[in-house]
Amino acid sequence: MLTIENLNVYYAKAHVLKNITVRVSPGEFVSLIGPNGAGKTTLFRTISALKEGEGRISFNGAPLPRDPAKVVQLGVIHCPEGRHLFPEMSVKDNLLMGAFRLRNFDPASELEKVYQLFPILRERERQLARTLSGGEQQMLAIGRALMGRPELLLLDEPTLGLAPIVRKAIAEALKQINESGVTILLAEQNVPFALAHAHRVYLLETGVIVKEGTPEEFRADAHVQQVYLGGVS
Amino acid sequence: MALLHVENLRKSFGGLMAVKDLSFHVEPGEILGLIGPNGAGKSTVFNLIMGTITPDQGRILFKGRDITHWPTYKIVDAGVARVFQIARYFPRKTVYENVEISAIPNEIFVRSADPRAKTVESCVRTGLCTNEHCPGDDRCLCRSELPGMLPQGGLRRLELARAIGTDPELLLLDEPFAGLSHAEVDEISHLIASLRDEGQTIVLVDHNMRGVMRLVDRIVVLCFGEKIAEGTPEEVARNPQVQEAYLAGGGF
Amino acid sequence: MEQAFIIIERIVIYSVLISALYALVALGFTMIFGVGRVLNLAHGAFLMVGAYTAWFAQQYLHWDLYSAFALAVVVCTLLGVLLYHGLVRHVQRSPIVTLIATLACALIIEELIKIFFTTNTQLLAPFVSGSVEIHKTTVITNRIIAFGASWLAIILFWLFVHRTRWGKVILATAQDQDGAALVGVDVKRVYTLTWALSGALAGIAGFFFASWVKLDPFMWRDPLIISFAIVVVGGLGSLKGSIVAAYLIGLLEVLMTYSPSMRICAADFRCFEFLGSSWVGVSSLLVLIAILFLKPEGLFGRAE
Amino acid sequence: MSLRTLKFALLGLTVIVAGAVGPFLPSKWMTTLLYAQLFAVYAMGWDILSGMTGQISFGHIFFVAVSGYTAGLLNLYLQWPIWATVPTGVVMAVLAGLLFSVPALRLRGPYFSLVTLILPLAAARLVIILADWTGGELGKFGVTPLCQDSLLNALNGVLLRLGISIDGFRLYQYCNYYFFWMLMAMVGGGLVWLSTSRIGKILEAIRENEEAVEAAGINVAKYKIFAFVVSAFIVGLGGALSVHTNEAVFFNSLLSLTTSIEMIVASVIGGMGTIVGALWGGFLVRGGEQVIKELAQLKLPIGAAGLALSFLERWATLIFFALLLVLLFFARQGLLPLLAGLFRRGRRIRGG
């Protein structure tokens with residue numbers, strides 16, 4: 001579905017992503033793990049055309065256009081780090097903006113789907129997005145992305161700064177979203193979270209993909225265990 | 001007497017309590033680890049100590065003096081320096097000139113000692129330039145290089161050199177291993193260990209325990225702005241509350 | 001007593017009338033800042049272009065007033081798009097270069113007008129001549145029309161932004177540009193739209209501003225200062241704040257006109273008037289400086 | 001060669017050329033270059049604050065006006081002599097700079113620029129309100145000349161003894177020209193020294209990352225205020241002296257918004273924060289203006305060319321602004337950094 005081949009990205013003179021090759025098949029749940037500053041966000045921004053890169057990115061066999069609006073039109077929807085909600089708009093308006101790419105749709109039923117997944121958003125429907133708590137904002141960001149009927153959902157650090165209980169709810173939601181047929185590419189620092197429901201995992205370190213495998217292989221790997229799964233216990 | 005005393009520090013943003021009645025102290029010559037998951041308030045604590053933000057309550061004593069409401073430059077002058085997680089350098093100055101700014105004293109009219117010797121010393125001490133690069137100082141490699149050309153590990157060294165250039169008695173390191181490759185993590189942790197061996201007092205923030213376990217003498221664990229444990233690495237690792245709230249975190 | 005009441009009545013009526021026009025003058029400026037974080041120092045010059053276009057169509061092409069008005073709006077709309085695509089888009093990333101470049105544009109427009117129409121003062125024919133009595137205050141009819149038109153434009157603008165699809169897209173882009181791009185909004189198109197709208201609003205405002213005062217190649221400075229003042233007092237980018245600020249500044253200026261002035265004269269008959277009508281422009285500038293120093297985010301704005 | 005030596009060498013070269021061409025200049029061009037030197041002083045004064053620290057002032061002409069009007073009016077109405085009016089004017093400019101810079105510390109980026117833009121606009125209104133004294137937009141004549149008869153006579157005596165005879169008006173022009181030549185050299189020397197000193201390094205660092213400077217234990221506010229005061233001092237000095245050269249307080253030379261913008265353009269064209277670049281930019285802007293005016297006055301009799309040039313006459317100012325815009329667009333890095341880059345590349349080729 002999504003194929004990235006030999007992607008190189010630079011910030012000024014710094015080489016941030018080096019020869020990245022990543023493949024995601026339809027229906028898959030793929031996680032991309034790695035420490036802070038490894039280049040996960042840059043990779044996502046390059047996929048959604050917010051950033052220029054050198055290399056090939058194709059989606060369903062055709063090269064992905066280099067214009068964010070056109071990428072969204074194809075159903076590749078990016079739920080960014082830092083959420084990028086519309087703070088002065090209500091929860092409902094934020095969600096409806098998410099369906100901007102769709103020409104004809106039934107707002108009520110689309111909203112209903114999101115409210116089923118995150119019931120708290122129904123209660124907050126009329127509140128301004130900036131008044132929500134961090135966890136609610138993250139749910140809204142995911143909800144807004146879902147409103148665009150994604151084929152491929154790019155999720156960047158959805159658990160950043162959230163309490164364990166919220167993380168659990170989000171993990172559950174992601175599993176449901178994936179089971180409903182949406183392909184997911186997730187970038188996470190929190191490795192246990194990223195491994196929980198993923199089918200396949202990539203490890204990104206300083207701009208290089210250093211390992212690819214199943215969650216089981218990752219859990220068994222000595223390096224991953226020591227560095228990312230807190231070898232304390 | 002402790003070098004730094006933090007007493008009942010409290011800070012909230014909007015309705016969110018980022019730091020909640022936090023107290024801890026730092027002994028001269030030790031490395032204290034300030035550990036907690038993302039969003040636990042570690043960076044806020046550093047911002048409070050450095051005077052970037054002011055606390056709602058509580059005070060900060062450095063060498064017995066109350067520095068709570070001092071401006072940043074005065075706190076730095078008094079002997080506290082901070083290394084940022086994301087390098088804050090001068091992009092159009094060379095590496096050498098970047099370090100030099102820290103070695104220039106905060107005086108407009110008073111003629112003071114030449115900053116050159118101190119700049120070279122900071123560069124060499126952090127491994128930014130080796131002695132071969134700076135034999136007579138003038139042909140130093142750092143002189144022509146811009147920070148944008150440095151790798152992540154080099155940038156971290158640059159940040160350290162700039163901090164050391166201010167002659168700190170207390171060094172605050174904010175996630176010094178973030179974004180580094182495996183090899184670079186080893187290099188930087190050797191560097192930190194060597195600074196400690198020279199007698200440098202350090203407070204080190206990290207969200208991950210593993211990198212700091214063998215470096216730190218003592219650990220303070222933060223969770224949602226509160227101190228939930230304190231002690232040697234072994235004690236903290238055994239603490240059930242830490243395991244429950246931080247390491248396990250309900251599965252993730 | 002009677003006299004005092006009449007003066008108060010006049011102050012109220014005049015300030016209510018002029019403030020609506022001020023709000024309209026600042027509207028396009030506010031929107032460009034709110035959406036793209038660009039301070040367009042050529043905004044006053046847009047108004048001037050609108051005014052001169054209408055005047056030219058009347059004077060030389062002998063068009064009727066409505067067509068002249070329409071032409072002014074169209075020309076300003078195109079000018080907005082032209083300035084954005086020809087210049088601002090390329091320098092937008094550096095706020096300072098944008099300021100210099102847009103200011104240079106204003107000065108170029110001033111030069112052009114000097115070349116083609118000289119520095120002489122011109123008058124724009126009003127929609128309706130004559131005056132009416134409101135209670136005991138005489139008001140020029142055209143100013144009431146300007147007042148009505150200003151409010152109409154503001155309300156239509158508000159409805160457009162809050163009730164239409166593209167209006168909501170503008171709001172969304174203003175609040176989070178990346179967020180908008182990620183739901184599929186073509187951000188460049190939104191910018192083009194806002195510059196066109198801002199130009200159109202400037203065309204309308206220019207027409208009424210010119211028929212309120214006069215035309216000359218320097219007339220762009222006052223509307224620009226008014227826009228600044230309103231936008232700074234009201235908080236950059238806030239429509240509601242802008243309208244409140246426009247009314248505050250309008251009231252202040254009218255008060256200044258009617259305030260008792262103090263004339264201080266030296267032995268050689270050189271005089272200096274303290275307060276009074278010659279202070280109209282200075283007062284809003286001083287208020288502006290004071291507010292920027294005391295509360296840089298504006299009285300009604302949130303700190304960014 | 002260190003940067004400081006390079007800058008002093010370029011400055012010295014420029015000053016020597018400006019001094020050497022003086023006697024060969026026709027009267028009109030001597031006046032142009034006289035004002036180019038004054039303008040170069042303004043541009044360098046602007047550069048030490050805005051170019052170095054990155055706080056872009058749009059209204060530096062305000063400080064010219066404070067000093068110029070103070071000096072001129074004190075001379076006109078209280079008959080103060082030059083040695084008293086100029087220092088008083090400069091002190092007033094410095095005080096204004098100090099008064100403005102302290103609250104301005106709260107303002108960032110475009111907000112700072114906006115407030116500075118408003119200052120001369122407000123001052124212009126005040127000058128017009130006080131038109132009975134200031135002469136308003138027309139100005140007021142009768143200020144004591146910088147080159148008084150006694151000074152000219154003394155100069156003439158010295159020159160005659162050297163066997164040189166110069167007529168009265170020419171001598172008067174020389175006097176003014178070389179007076180500003182000296183001012184330019186001194187201001188240039190002082191500012192080049194300051195900009196390459198430790199203080200200059202800190203000012204540059206403030207432009208690049210204020211937070212990092214603060215983290216290096218340096219009081220950013222103190223340095224910003226210092227830069228402001230030095231800058232107001234320099235442009236104030238130029239303003240007060242210009243009043244005595246013009247023998248009048250002119251609204252257009254003391255409070256023109258265009259001049260304020262031209263200071264920025266001069267520094268940007270020459271290379272922001274380089275001082276010498278601002279000096280060159282000053283000459284380019286004032287010289288370029290004059291060249292366009294000269295071209296516009298040439299009336300060739302031959303058909304199309306003649307038409308084109310007489311067309312230029314009315315368009316001179318406009319063409320000038322358009323050129324500035326183009327330069328802003330394409331030479332954003334500035335002349336001096338461009339040359340320095342070529343120089344460095346040349347050295348590398350030779351070396352390697």
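User: Before we start, which method do the accessible areas come from?

Analyst: Accessible areas come from the Shrake-Rupley method with a 1.4 Å probe. Keep in mind that this is a predicted model. By that method chain C exposes about 12500 Å², and carbon and sulfur atoms supply 68% of it.

User: How do you know whether the radius of gyration of chain C agrees with that of a compact globule?

Analyst: Set the value against the rule: a compact globule of 304 residues would have a radius of gyration near 19 Å, and chain C has 20 Å, so the two agree. The C-alpha atoms of chain C fill a box of roughly 65 × 50 × 40 Å along the principal axes.

User: What makes a residue of chain C count as buried, and what percentage of the 304 residues are buried?

Analyst: The cut-off is under 20% relative accessible area. In chain C, 56% of the 304 residues are buried.

User: Over to chain A. What makes strand 2 and strand 5 edge strands?

Analyst: The open sheet has 4 strands in the order 2-1-4-5, with antiparallel pairing. Strand 2 (14-24) and strand 5 (62-63) of chain A each pair on one side only, and they are the edge strands.

User: How do you know that strand 1 and strand 4 of chain A pair?

Analyst: Pairing takes at least two bridges between the strands. Strand 1 (residues 2-11) and strand 4 (residues 54-59) of chain A have 5 bridges, in the antiparallel sense, so they count as paired. As for a bridge partner, Thr3(A) has Ser58(A) in strand 4 of chain A.

Conventions:
Residues are numbered from 1 along each chain as its sequence is written. Chains are lettered from A and ligands numbered from 1 in the order in which they are written. This is a predicted model: local features need pLDDT of at least 70, side-chain atom pairs count only at pLDDT 80 or more; totals for chains, interfaces and linings use all residues. Side-chain values use heavy atoms; hydrogens and water are left out. The radius of gyration is taken over C-alpha atoms; the globule rule is 2.2 Å times the number of residues to the power 0.38. Buried means under 20% relative accessible area, exposed over 50%, partly exposed in between (1.4 Å probe, protein chains only). Helices (H or I, at least four residues) and strands (E, at least two) are DSSP runs, numbered from the N terminus.
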